[in-house]
Amino acid sequence: MRKILLALLGAAAVMGTIATPATASALETREFVGHGSSDFGLALFYARQDARNQADRAGFSDCEEYFKLVISPYDATVFWRCTR
């Protein structure tokens, strides 16, 4: 009787872990591209500001710049990957 009870409890524990859905982080990731141009050499600053504004409007706060393309001080593009 004891073996049957232990077997049933063990089976219930195993089925409980199998039947329970896995909990995963539901982070949403999105990429933003910021463009900037300036006659005064501030293109990179404006490109970053453009990407930040896009991310803020979409509700993303945790961002990293993973690539920047600075053609000249007067024209730049940045690529940001953001999560929320």
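This is a predicted model: local features need pLDDT of at least 70, side-chain atom pairs count only at pLDDT 80 or more; totals for chains, interfaces and linings use all residues.
## A buried cysteine

Let's start with Cys 82, whose relative accessibility is 0%, so this residue counts as buried.

## The disulfide

Which residue does a disulfide join to Cys 82? The partner is Cys 63, with an S to S distance of 2.1 Å. The count of disulfides in this model comes to one.

The pair links distant parts of the chain. Cys 63 sits in strand E2 (residues 62-72), while Cys 82 belongs to strand E3 (residues 75-83), and the two cysteines are 19 residues apart. Is the disulfide right-handed or left-handed? The torsion about the S-S bond of Cys 63 and Cys 82 is about 110 degrees, so the disulfide is right-handed.

## A serine in a loop

Now let's visit Ser 38. You can find Ser 38 in the loop that runs between strand E1 (29-37) and helix H2 (43-58). Is Ser 38 buried or exposed? Its relative accessibility is 8%, and buried means under 20%, so Ser 38 counts as buried.

## What surrounds Ser 38

The side chain of Ser 38 has a polar atom 3.0 Å from the backbone nitrogen of Phe 40. The backbone nitrogen of Leu 42 also lies 3.4 Å from a polar atom of the Ser 38 side chain.

Setting aside neighbours within four places in sequence, which residues does Ser 38 contact? They are Ala 43, Tyr 46 and Tyr 74.

Methods. Residues are numbered from 1 along each chain as its sequence is written. Side-chain values use heavy atoms; hydrogens and water are left out. Helices (H or I, at least four residues) and strands (E, at least two) are DSSP runs, numbered from the N terminus. Buried means under 20% relative accessible area, exposed over 50%, partly exposed in between (1.4 Å probe, protein chains only). A polar contact is a pair of N or O atoms within 3.5 Å; within protein, one must be able to donate a hydrogen and the other to accept it, and residues adjacent in sequence count only if both atoms are side-chain atoms. Contact means heavy atoms within 4.5 Å. A disulfide is a pair of cysteine sulfur atoms within 2.5 Å.
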